[in-house]
Structures are given as C-alpha cells and as structure tokens.
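This report describes a structural model, chain by chain and contact by contact. The sequence and coordinates come first.

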Amino acid sequence: MSTQLKHKDEELDAEVSGHSAAARTITVAVAGNPNSGKSTLINAIAGTRLHVGNWAGVTVEKKEAFFEFGGRKIRLVDLPGTYSLSPYSQEEIVARDYLVHERPDLIINVVDATNLERNLYLTVQIMELGIPVVMALNIYDEAAEKGYRIDDKAMEEMLGIAVVPTSATKKTGLDELLATALRVADTPKQRAPKKLNYGEDIEVACDYLAKSFRSSYPALIDHYPQRWLLLKLMEQDSHVMKELGLDNLDFLDQALHHLRRAHGEDIESIMADARYSLASGLTHEVLHKPELRQTELTERIDKVVLNRFLGIPIFMGAMWLLFKLTFDLSAPFGKWIGAMTDGPFKRWASAILTPLGAPDWTVSLVNDGVIAGVGSVLVFVPVIFAMMFFITFLEGSGYMARAAFVMDRTMHSIGLHGKSFIPMLLGFGCNVPGIYATRTLENPKDKVLTALLVPLMSCGARLPVYVLFVGIFFPKNSSTVIWSLYIMGILLAVGMGLVFKQTLFRGEAPMFIMELPPYRMPSLHSLCVHTWEKGKHFLFKAGTYIFAVSVLVWFLLNLPWGVEHKRDSYLGQAGAAIAPIFQPVGFGNWEAASSLITGVIAKEIVVGTMGEIYAPKKDEKKDVPTLQEDLKEVATSFGAACVTAAKTLLYLPQAEEKEEDQGGLKVAILGAFTPLSAYAFMAFVLLYMPCVVAIAAMRQEFGTWKWAGVGLFYQTALAWTAALIIYQGGRLLGLGG
Amino acid sequence: MNLAKLKPGQKGKITSIGSIGPLKRRLMDMGVLVGEDVKVLKVAPLGDPIEVSIKSYNLSLRKKEAEGIAVEVAG
C-alpha cells in the first residue's frame with residue numbers, strides 16, 4: 001500500500017468513526033496464552049453464536065462469531081492460543097499472519113492475572129503490531145483470592161492500553177470489556193498502544209535499520225506495521241524474510257553488528273531477554289503478592305496425582321472412568337436413536353408416502369436410504385457429545401496436562417506425544433470420538449499422526465464381525481482369537497507410527513515443553529457451549545458426507561430396481577468385479593467383497609449385509625403399530641435409555657440383550673470360508689479403510705481431504721498385505737486353505 | 001551441570017542455553033532464560049519428563065530437552 005493510499009485510509013477511518021460508525025462491523029481479534037481462560041471468555045461472550053471451522057490450509061481450529069453489542073455489529077475472531085508470536089509453530093504463524101495481514105480493528109488480549117509475567121510477554125509482542133489493544137485481565141477473582149493485588153490503572157498508564165479485570169468463569173467484567181473495546185475502536189487518534197523501549201542498544205540498531213530500510217525498500221515499510229517489521233528483521237525472522245523475499249541484507253548485518261558484540265549472544269536471545277525484561281519490570285511494578293505463600297491446592301493435588309507410585313494407577317483409573325462415561329453413558333441414547341429411526345420414523349414415512357401413491361422404490365429410498373442415512377449420522381451424536389464434554393473437562397480442569405506428563409515416556413518411545421494416549425484409548429470404543437479427541441494435541445504433526453493411527457484400534461463396530469466368525473470357526477478359543485486381533489491392531493499402530501516417522505513426518509520431532517496449569521474447576525456453561533459447538537459441527541459438516549454415502553449405498557444395493565437376487569444388484573456386480581483382488585487373501589467371492597463395500601458405512605454392517613446375501617429374510621407380516629403406540633414407544637424407550645444410562649453410572653446390573661437367530665447365515669459362512677480365510681477376513685475388516693464417519697471426522701478436523709485420503713489408502717494396503725501374509729503364510733505352514 | 005540432572009527439590013540458576021533453533025526459541029518464549037532461577041519439582045513416574053518451576057509457573061519438559069540447559073546448582 002502506498003503512503004498516499006494509507007492517508008486516504010486514515011481519512012476514511014476518521015469519517016467512518018464519525019457519523020456512520022454504527023453501520024460498520026468492528027472486527028475484534030482475541031489473543032492470549034493457552035490456559036488463560038480465553039476459550040471460556042469467548043464462550044461466555046459469544047455462546048452458541050460461535051462458528052467453528054479451520055484456518056485455511058492448516059489443522060488449526062478457527063472460531064468466529066458475529067453479534068451485536070450496544071447497537072454495534074461485532075465480528076469476534078478467536079486466534080489460536082499461543083505463548084509467543086515466533087515463526088516456528090503453525091498456531092503462532094496463523095495468529096500473526098492474521099494480525100499483520102487482516103489488520104483487525106482491535107485486539108482483545110486475554111491475560112491470566114495469576115501468571116502475569118509470562119502472559120505479558122505475549123502482550124509486549126502484540127503491542128509491537130500497533131493495533132489498538134484492550135487487555136482482559138482474566139482469572140482476576142482467583143488472583144484476588146490468592147491475595148494478589150494488581151494495579152490495573154498503573155498498567156494502563158505504562159502500556160497505553162485499556163485494562164479490564166474479568167472473570168470468564170463467573171462472567172464478570174465481560175460487558176465492560178466489550179464496552180471498552182467499542183470505545184477504543186471508536187477513538188481513532190490516540191488509540192495505538194505505547195511504543196515500549198527495548199533498551200538503548202536495540203533502539204539504536206532499530207533506528208539505524210529504519211533509515212537504511214526506508215531508503216532501500218520504501219514500499220515494504222508502508223505495507224507492514226513498521227515497528228513490528230523492523231523488530232522481525234532484527235530477529236531475522238525466517239517467516240518474514242521468506243515472505244518479503246529478503247536475505248543477506250548488508251545494512252542489517254551492520255545494524256546488528258554492535259548489538260551482537262555488546263551482548264555476546266544471538267539476536268533471538270537478546271530480543272527474548274528484552275521482551276521478558278519489560279514483562280518482568282511491569283509485573284514488578286503492578287503486582288503485589290502477599291508475603292506468606294500458602295501451599296497451594298494444585299501442589300497438594302499433584303503430590304498425589306503425580307506421585308511415583310500412585311501416578312500411574314490414578315491415571316489408569318481416570319482413563320477407565322473416561323472410557324466408561326463416554327461410551328456406556330452415551331450408548332443407550334445411541335441405541336434409542338437407532339431404534340427410533342429404524343422403527344417409528346420409517347413407519348411414519350411409509351404411512352405418509354404409500355397413500356400418496358409413491359412407488360415402492362421411493363418408499364425404500366426414503367426409508368432405507370434417507371432415513372437410514374440420517375440415522376447413521378444421528379447415532380454418533382450422543383457419543384461425540386459425551387466425549388467432547390469429558391475431554392473438555394479434563395483439559396479445563398488441568399488433568400489433561402498431567403495425563404500427558406505421566407504417559408509421555410511410553411508414548412514418546414513410539415514417536416507419539418503423551419496426550420496421544422487418550423485418542424488411542426477412545427479409539428477402542430469408537431474411532432470417531434478418538435479422531436476428534438486428537439484436538440487436545442497442540443502440534444499438528446502429533447495430531448495428524450495420532451489420528452492416522454487411531455483407526456487401527458479395534459473399535460466396538462468390528463466386534464460383531466469377530467463374534468460371528470469366531471463363533472463359527474473358533475468356538476473353543478474365541479476370546480484368544482479376538483484378543484489376537486486387538487493386539488494385532490496395537491502392534492501395527494506401533495509399526496506404522498515408526499514408518500510414518502521416517503516418511504511422511506520426517507524431520508524434527510515435535511517438542512514436549514508444556515505448561516502444567518493450576519487445577520481449576522471449568523465452568524459448566526463453557527463446557528456445554530464447547531460440547532454443543534463440536535456436536536453441531538459433526539452433525540452438519542461431517543454428517544453431510546456420511547449421509548451422502550449412505551444414500552449411495554442404497555442405490556448400489558437396490559438398483560436395478562426389482563432384482564430378484566442380490567448378485568444382480570449394482571452392489572453384487574461391484575462385489576463380483578473386485579472379488580478377484582481378494583483371491584490371493586482367501587475370500588475372493590462376491591459375497592465377501594460386497595459386504596466389505598457396505599462395511600465402509602460402519603464395519604458392523606458387514607454382518608448385516610452377509611445376512612441379507614446369505615440368508616435373506618422373508619418378509620413377515622407384522623402387526624403395524626398405530627401412531628399412538630409409536631409415539632408412546634418413542635417416549636417410553638427414551639425414558640428407558642435414561643434409566644439405563646443412570647444405571648450404568650451407578651453400576652447396577654442390566655438385562656442382557658437377546659441374540660438374533662443367525663442359523664442360516666452361519667451355515668452359509670461355514671461353506672464359504674475356512675478357519676484360515678476367516679481369520680484373514682477378520683484381520684482385513686479390522687484394518688481396511690476407516691468407516692465413512694471416521695473419514696468425515698478426519699476431513700472435518702484437518703480441513704483437508706489429504707489426511708483422510710492417506711488414511712484410506714495406507715490402511716487398505718495394510719489390510720490387504722496383512723490378510724495376504726496370514727492366508728498365504730498359513731497355507732505354507734499347512735494350516736489349510 | 002544441566003537441568004536434566006537436577007534432583008527433585010534442587011534449585012539452580014540458568015547459565016546458558018545450548019539448544020538451537022525452534023527448541024531454543026520455544027524455551028525462551030516459555031521464560032527459560034539465562035539468569036533465571038529454576039527448581040525441579042518432579043520427575044514423571046516413568047522417569048521422564050520432568051516438571052520444573054520457573055517464572056512462578058510450572059513447566060514440564062523431556063529430559064532430552066532439559067539437557068541443553070546449563071545450570072549452576074544453588075543450595
């Protein structure tokens with residue numbers, strides 16, 4: 001932008017903030033350290049108006065909200081939580097690129113009042129950008145309880161920015177924060193934060209650089225915030241240098257020469273020192289801590305929770321509870337949704353469509369395609385909600401960091417992060433919440449790698465397949481055989497982890513360096529908002545893909561309309577077409593291949609499809625319940641689901657479910673498989689491409705198809721190879737074909 | 001002496017940071033600076049990582065990451 005243009009911009013700015021100010025949307029970026037209560041603050045301000053997505057091209061979550069306050073339109077943009085604005089992590093680059101290039105009207109800097117110095121280090125860097133800043137001095141209540149006294153007026157004076165004490169969990173100070181933000185945004189002239197003095201040596205070098213740079217690159221200096229640009233140049237910030245296409249600047253070396261000699265350190269250290277000195281100095285001036293320090297609650301809890309002997313048992317207990325709560329609590333509701341879409345909803349659809357003269361295929365499309373598709377999305381909602389709720393609780397309470405601390409040794413030995421354990425564990429219940437749980441990992445490398453390995457954990461949906469086959473072929477060693485499949489998944493995850501480390505994720509291993517925040521009770525409101533955000537996101541974003549695939553499978557299964565034999569349906573034809581691929585691995589028949597195709601929706605559907613193919617049920621005339629009976633069933637079965645969930649919580653015994661009669665199916669499978677090919681088939685079901693829901697989850701979490709695609713291809717290749725080794729190896733060993 | 005070798009309860013003053021690149025920057029961003037007081041609080045049950053107190057907050061890091069941080073043991 002030329003100087004002239006910039007002037008025009010300022011004039012326009014002044015004009016806008018005058019009479020027509022109310023019409024303008026004010027863009028407010030929210031920045032702050034992780035654990036500063038930033039999410040809670042945003043949830044408290046924007047609530048359910050938040051939209052969750054991804055920053056373009058990266059696996060970093062973006063939250064945004066549009067709302068009105070004081071008659072003004074506000075656009076709130078949540079920046080990733082960062083400790084600094086260095087060029088090394090994706091989060092930091094996303095945050096600074098947004099601030100530099102999008103230039104929001106204002107930055108709300110959320111600062112943890114109980115951890116002032118380290119939080120102010122980021123504030124100092126944010127102020128370099130020259131954008132108006134309002135500080136939310138958050139967790140103020142806790143600081144006051146500890147006896148901290150913070151002179152916020154002195155802080156305002158020294159930094160030249162407005163400071164508003166807040167408590168996001170108690171929802172205090174939030175209106176004042178927004179009101180202050182509006183006021184600052186509307187006061188054009190004196191709204192830039194103060195230029196802080198970084199010490200004589202740095203300032204001299206900076207002035208020298210400003211002159212040389214202005215004469216050599218006049219255009220650049222107008223395009224960027226000047227102070228920020230000069231400091232980044234001095235730091236030789238790799239990201240900025242690359243963006244500007246600059247390297248080896250003679251005058252930069254000259255400017256830094258004296259500085260380096262005087263300090264005997266590299267420039268990055270000198271700058272970090274200068275910024276921290278400012279943060280320390282300021283903290284010293286404004287913060288008065290009580291003389292006597294009590295043993296804090298966090299210290300006392302950690303004595304037990306991180307104890308050498310108790311640490312691991314407590315961790316295991318916490319994980320068991322997490323797993324139990326996530327799956328057992330949500331299961332009755334998932335089943336209820338499944339039963340509702342399968343029963344009453346389909347009956348109602350038929351009751352509406354049939355009298356209208358809709359042809360059979362339309363009724364079937366609506367029932368078995370559309371409603372079944374919606375159902376397959378909805379059944380996941382309870383488990384996603386439950387998982388998000390408990391994971392967010394673990395994070396917000398501070399235990400997540402401890403879990404990572406306890407588990408890191410083990411997980412790091414296979415190239416993962418301590419926090420990878422939880423997604424993997426949840427994967428055994430269902431891969432989908434496992435994949436969503438990778439959001440607790442900060443580093444994108446750790447996050448993606450973990451998500452790629454989660455589907456190797458044998459989830460609950462594979463179990464019905466194992467149970468069916470083991471019951472037929474290995475009735476005497478059933479549990480050993482099933483265990484061997486679980487172990488196979490874990491071992492292959494370890495192996496694939498090492499392979500990925502050497503290939504796709506080569507380069508420096510992500511760091512661990514992590515804050516252990518004080519234990520805090522997360523606010524219920526924030527937990528619910530967060531859970532709702534993610535649940536909604538899953539429902540509408542991931543749900544679209546899942547729904548589409550379900551409808552597609554209906555077409556495969558039922559077209560051409562009216563086929564007598566399943567072999568003649570498109571599904572049967574597709575199965576027959578790909579069956580030769582499975583010849584070398586022991587199950588090269590169209591029946592198995594077709595069921596693997598439908599198993600893509602959810603792996604347990606393999607069993608259902610086999611049932612339909614091998615032992616089609618005759619249409620039985622059942623008594624069709626009346627609408628009243630149906631409505632009653634909807635309500636009573638929901639009540640029953642609540643009771644079951646409550647019983648689960650209290651560990652009361654529950655009625656066993658009746659097994660379906662699968663006699664015909666068993667005979668057919670006995671004829672089509674041998675024990676060896678059955679085992680190869682089970683291994684294939686365990687390993688081949690993740691189900692559609694898991695793929696949609698990956699697509700949604702990472703904002704790109706790339707990693708979902710990688711997962712799909714590597715797993716299918718792995719499954720085929722493993723099945724080949726099992727089948728052919730078994731034959732060589734004389735285990736029969 | 002480096003930070004990874006300190007026992008729980010031991011305090012020290014950081015004399016130099018030998019790590020390079022992103023690791024060094026990250027450490028500095030977290031307040032691990034020359035001249036800073038640091039105290040080892042805990043070692044994880046399996047022996048790694050460690051927890052230290054610095055700039056009046058608690059930080060955990062792997063021993064490998066702590067090895068590059070030279071300290072002068074105090075008291």
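Predicted model: local features only at pLDDT ≥ 70, side-chain atom pairs only at ≥ 80, totals over all residues.

## Domains and recorded features

The domain assignment divides chain A into domain 1 (3-191), domain 2 (200-288) and domain 3, which is made of the segments 461-508 + 565-615 + 662-737. The C-alpha centres of domain 2 of chain A and domain 3 of chain A are 58 Å apart.

According to an unreviewed UniProt entry, chain A carries the feature "transmembrane region" at residues 305-323, 370-394, 448-474, 480-500, 538-557, 676-695 and 707-727. Two of these spans can be described from the model. Residues 480-500 of chain A are 100% helix and 0% strand, with 30 Å between the end C-alpha atoms. Residues 707-727 of chain A are likewise 100% helix and 0% strand, and their end C-alpha atoms lie 30 Å apart.

For chain B, an unreviewed UniProt entry places "domain: Ferrous iron transporter FeoA-like" at residues 1-73. In the model this span of chain B is 18% helix and 40% strand, and its end C-alpha atoms are 8 Å apart.

## The seven-stranded sheet of chain A

Chain A contains an open sheet of seven strands in the order 2-3-4-1-5-6-8, with mixed pairing. Strand 2 (50-54) and strand 8 (162-165) of chain A each have a single partner strand, so one side of each has no neighbour in the sheet. On average, neighbouring strands of this sheet are turned by 25° against each other, direction ignored.

Strand 1 and strand 4 (residues 72-78) of chain A run parallel and are joined by six bridges. Within this pair, Thr27(A) has Arg75(A) of strand 4 of chain A as its bridge partner. Helix 6 (residues 152-159) of chain A packs on the sheet, where it touches strand 6 (133-138) and strand 8 of chain A; the direction of helix 6 makes about 155° with that of strand 8 of chain A.

The loop between strand 1 (25-32) and helix 2 (38-46) of chain A holds Asn35(A). Phi of Asn35(A) is near 65°, a positive value in a residue other than glycine.

## Helices 32 and 33 of chain A

Helix 32 (residues 692-702) and helix 33 (residues 705-732) of chain A have axes that come within 7 Å and cross at roughly 145°. The crossing of helix 32 and helix 33 of chain A is right-handed.

On the side of helix 32 of chain A, the contact is made by Ile695(A), Met698(A), Arg699(A) and Phe702(A). Helix 33 of chain A contributes Trp705(A), Trp707(A), Ala708(A), Gly711(A) and Leu712(A). By residue class, the contact between these helices of chain A has seven nonpolar residues, one polar and one charged.

An open sheet of six strands has the order 10(A)-4(B)-3(B)-2(B)-1(B)-5(B), with antiparallel pairing. Its edge strands are strand 10 of chain A and strand 5 (69-74) of chain B, each of which pairs on one side only.

Within chain B, strand 1 (residues 11-17) and strand 5 pair in the antiparallel sense over six bridges. In this pair, Ile17(B) stands opposite Ile69(B) of strand 5, and Ser16(B) stands opposite Ala70(B) of strand 5. Strand 1 of chain B also pairs with strand 2 of chain B, again in the antiparallel sense, over three bridges; here the bridge partner of Gly12(B) is Val38(B).

The loop between strand 2 (37-43) and strand 3 (50-54) of chain B contains Pro49(B). A cis peptide bond joins Asp48(B) to Pro49(B), with omega about -10°.

## Contact between the chains

At the interface, 27 residues of chain A are in contact with 27 residues of chain B. On the side of chain A, the elements that give two or more residues are helix 4 (116-127), helix 13 (267-286), helix 15 (311-342), helix 19 (399-413) and strand 10 (514-515). The residues of chain A on this side comprise 13 nonpolar, six polar and eight charged.

Strand 10 of chain A pairs with strand 4 (residues 57-61) of chain B in the antiparallel sense over two bridges. The bridge partner of Glu515(A) in strand 4 of chain B is Leu59(B).

Terms used:
Residues numbered from 1 in each chain as written. Chains lettered and ligands numbered in written order. Contact = placed C-beta atoms within 7 Å. Helix = DSSP H or I, 4+ residues; strand = E, 2+ residues; numbered from the N terminus. Nonpolar A, V, L, I, M, F, W, Y, C, P; charged D, E, K, R; others polar. Pairing = 2+ DSSP bridges. UniProt positions renumbered as here; feature names shortened; annotations may be inferred. Axes fitted to C-alpha atoms, helices over the stretch in contact; angles between N-to-C directions. Left-handed = near helix turned anticlockwise from the far one by under 90°. Domains from an automatic or database assignment.
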